[in-house]
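Please look at the sequence and the model below. This report takes up a strand, the nonpolar cores, the domains and the DNA contacts in turn.

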2 protein chains.
Amino acid sequence: MTKNISDIAQMAGVAKSTVSRYLNGGSVSVKTKQKLERITREAGYVPNTFAQSLKAKRTNLIGTIVPRLDSFAAAQTMTGIDEELRTAGGRMLVYNAGQDRQREIEAMQDLARQKVAGIILMPAQVTDGHLRAAEAAGIPVLLVGQGNDRLHSLVYDDYGAGRLMGRHVLDMGHRRIAYLGVTEDDEAVGRLRKEGFRAAAEECPDCEIRYYESSFAIGDARAAAEKILDEHAPSLIVCATDNIALGVVKTAHVRGLSIPSQLSVTGFGGYEVTAIINPELTTVRFPYYEAGRLAARSILKLTAGEDVRRSTVMDVEMLSRESVDNLNIPFV
Amino acid sequence: MTKNISDIAQMAGVAKSTVSRYLNGGSVSVKTKQKLERITREAGYVPNTFAQSLKAKRTNLIGTIVPRLDSFAAAQTMTGIDEELRTAGGRMLVYNAGQDRQREIEAMQDLARQKVAGIILMPAQVTDGHLRAAEAAGIPVLLVGQGNDRLHSLVYDDYGAGRLMGRHVLDMGHRRIAYLGVTEDDEAVGRLRKEGFRAAAEECPDCEIRYYESSFAIGDARAAAEKILDEHAPSLIVCATDNIALGVVKTAHVRGLSIPSQLSVTGFGGYEVTAIINPELTTVRFPYYEAGRLAARSILKLTAGEDVRRSTVMDVEMLSRESVDNLNIPFV
DNA sequence: CCTCAAACCGGAACCGGTTCCGATTGCATT
DNA sequence: AATGCAATCGGAACCGGTTCCGGTTTGAGG
């Protein structure tokens with residue numbers, strides 16, 4: 001049914017090496033070029049990718065490992081990767097690790113044996129297992145969202161984001177604050193954001209700040225919020241992600257607390273929904289989409305053997321909106 | 001560096017055909033089986049996927065074409081597909097069509113030449129171009145979310161969803177209603193949901209229902225809501241998707257209309273966020289995740305040459321929540 | 001110990017391309 | 001017309017597996 005290069009060669013009365021050369025822009029006379037142009041078109045010939053890859057020992061596939069598919073950050077990043085890859089003739093092979101570190105490692109191994117050209121990994125945490133797998137893969141691996149000395153990485157300025165947020169809420173006059181973070185195993189989201197926030201908070205001696213922890217799940221965030229409100233009763237809760245903030249907002253509503261007058265809430269991420277809900281959520285925008293594009297460009301360069309900066313930091317942007325009360329304005 | 005089957009054969013002192021047989025469960029003596037077990041393990045041998053695919057003329061890859069990556073429906077469906085595929089040793093190759101019909105078709109062509117085993121397509125609309133491309137691909141194509149006689153499909157009961165919603169809002173006493181839909185080019189979301197709603201509405205002679213149209217974008221939905229409120233001033237707006245509903249809710253907030261007492265709003269989809277916002281959105285849940293799993297199972301069967309029902313309809317579920325006012329309750 | 005089928009194994013062909021190398025061709029120069 | 005060089009081309013090897021086919025072993029049964 002579908003024709004191979006030998007069929008084409010036979011139809012054209014040339015050797016298949018000539019056809020291959022024609023296809024790949026080698027030296028072919030004008031006459032045979034025209035003939036082959038016509039014949040390949042009429043026969044609807046398309047080269048077999050396996051055979052090409054078998055010989056070339058590589059594909060145009062870029063493996064992308066995401067912690068989960070249904071997250072704003074992952075979706076935006078994937079969109080960026082996909083778009084950039086497409087323009088370069090590359091394809092994106094998506095792996096969903098389902099928030100499981102072990103599956104991230106398995107995914108790398110599996111992708112390596114599928115001989116993808118490179119891997120873009122969005123890990124929650126970089127363990128020794130990750131490093132070993134990355135090394136064993138024998139192909140470029142680019143980390144997105146988490147940094148590591150031993151691998152190329154593209155990170156967000158999580159520390160800066162934390163500090164920006166810290167300054168902002170202090171500026172707004174808040175002093176009794178809860179920081180609802182995630183596990184420090186997550187270097188970027190768990191540790192750096194908190195450290196950044198803490199750095200800003202330390203400039204404020206009369207602050208009463210308590211640190212809490214939740215998972216990324218909205219349900220857990222709601223439970224954590226209950227606890228915070230009971231124990232600490234802060235005027236503001238800084239949440240390590242927009243999703244967690246959404247959970248806190250929900251709890252506030254359930255308790256009948258109005259935002260921001262009775263409770264201020266902030267997030268990190270800049271998810272689309274934060275601009276839709278009422279009141280709009282104060283947060284820090286992370287350039288996920290742009291990071292995806294840059295990640296794709298970088299991994300392509302790496303697979304081409306070109307040089308790429310070992311670590312790149314993406315800037316973030318403070319989005320001051322309605323969910324933080326300004327306590328500086330005196331009552332009228 | 002990495003060993004191939006000939007290396008292994010040489011190390012074991014057997015022919016490579018024997019190694020291949022061992023790997024694929026052919027008839028091999030216990031002795032050589034043990035020897036090969038040891039050697040392949042020690043050498044860390046992994047078969048080259050290209051060579052296998054070249055011979056087998058097929059991959060374990062399933063192409064998945066989504067209209068966009070950053071939509072709840074797509075994310076849930078992909079998660080389901082990925083999970084089910086993984087258990088069967090399959091992999092998901094994701095294509096983002098970016099809401100572009102032409103790119104959906106190109107994606108099919110491209111996937112076909114990458115020799116994926118099958119394609120799961122989530123189209124906004126099935127055109128002749130789609131059908132032609134699906135036929136030309138020469139591999140099974142499964143439609144999700146949109147039906148078509150000529151292809152296998154997995155659809156939601158959009159008509160039933162529309163009717164459920166229609167009945168529900170009428171039951172709640174609403175009579176002056178706006179239906180904010182999308183283009184009828186989208187058979188499922190645009191036409192069927194509306195028809196289902198209309199069927200329910202026709203049982204109500206004293207209703208004043210007007211039909212409007214928007215795109216899927218929140219921004220457009222907000223603009224449409226403005227228009228609806230100005231022109232028709234309904235007590236309730238039925239939106240064709242949860243995202244559109246979110247836009248309408250936003251407009252209501254901006255206008256200072258309280259939901260549901262001054263304006264009721266409903267959506268379709270059952271997105272996670274609808275349970276988080278305040279008030280919670282009344283909507284119809286679509287089983288996206290389950291559909292993804294079923295889609296994966298079906299496409300695998302199809303690629304294995306097994307029989308699959310030409311069309312399967314997934315049931316939906318009414319989620320009656322807070323965003324619809326009950327007008328039946330008399331004032332006290 | 002012989003016979004014979006079943007189990008096991010090796011060799012070679014094949015999948016569909018790419019690439020190297022050497023041979024042929026074409027064309028411009030003398 | 002002979003020469004030289006570059007452009008073009010064909011043949012064969014190769015990538016790393018799978019599978020067919022035929023030959024050799026094995027072991028059970030007589």
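In this predicted model, strand β5 of chain B, residues 152–156, is mostly covered. Five of its five residues are buried. Which way do they point from the strand? B:His152, B:Leu154 and B:Tyr156 point one way. B:Ser153 and B:Val155 point the other way, and they are buried too. In a regular strand the side chains alternate between the two faces of the sheet.

β5(B) has partner strands. With β4 of chain B, residues 141–144, β5(B) pairs in the parallel sense over three bridges. One residue pair here is B:Leu142 with B:His152. With β11 of chain B, residues 311–314, β5(B) also runs parallel, joined by four bridges. In that pairing, B:Tyr156 has B:Met314 as its bridge partner.

Next, the nonpolar cores. The largest one holds 142 residues. Which members touch the most others? They are Ile237, Val238 and Val265 of chain A, and Ile237, Val238 and Val265 of chain B. Take B:Val265. Beyond its neighbours within four places in sequence, B:Val265 is in contact with B:Ile237, B:Ala245, B:Val248, B:Val249, B:Ile259 and B:Leu281, among others. The contacts of B:Val265 also include B:Cys239, B:Thr282, B:Ser323 and B:Val324. A second, separate core has 42 residues, including A:Ala107, B:Ala97, B:Ala133 and B:Leu151. In soluble globular proteins, nonpolar side chains tend to be buried together.

Chain A is assigned three stretches of domain: domain 1 at 5–47, domain 2 at 59–156 + 292–305, and domain 3 at 158–286. The C-alpha centres of domain 1 and domain 3 of chain A lie 63 Å apart.

Now the DNA. Around DNA strand D there are 27 residues. The closest are A:Thr18, A:Arg21, A:Lys57, B:Ile5 and B:Ser20. Of the atoms of DNA strand D that come within 4 Å of the protein, 55% belong to sugar and phosphate.

| Residue | N or O atom from | Distance to a phosphate oxygen of DNA strand D |
|---|---|---|
| A:Ala15 | backbone | 2.8 Å |
| A:Thr18 | side chain | 2.6 Å |
| B:Asn48 | backbone | 3.1 Å |

Which elements give two or more residues to the surface near DNA strand D? They are α2 (16–23) and α4 (49–56) of chain A, with α2 (16–23) and α4 (49–56) of chain B. The largest share, four residues, comes from α4(B).

Note on methods. Residues numbered from 1 in each chain as written. Chains lettered and ligands numbered in written order. Predicted model: local features only at pLDDT ≥ 70, side-chain atom pairs only at ≥ 80, totals over all residues. Heavy atoms only, no water. Core = buried A, V, L, I, M, F, W, Y, C linked by side-chain atoms within 4.5 Å. Buried < 20%, exposed > 50% of the residue type's maximum accessible area, 1.4 Å probe, protein only. Contact = heavy atoms within 4.5 Å. Pairing = 2+ DSSP bridges. Domains from an automatic or database assignment. Near = heavy atom within 4 Å. Polar contact = N/O pair within 3.5 Å; in protein donor to acceptor, adjacent residues only side chain to side chain.
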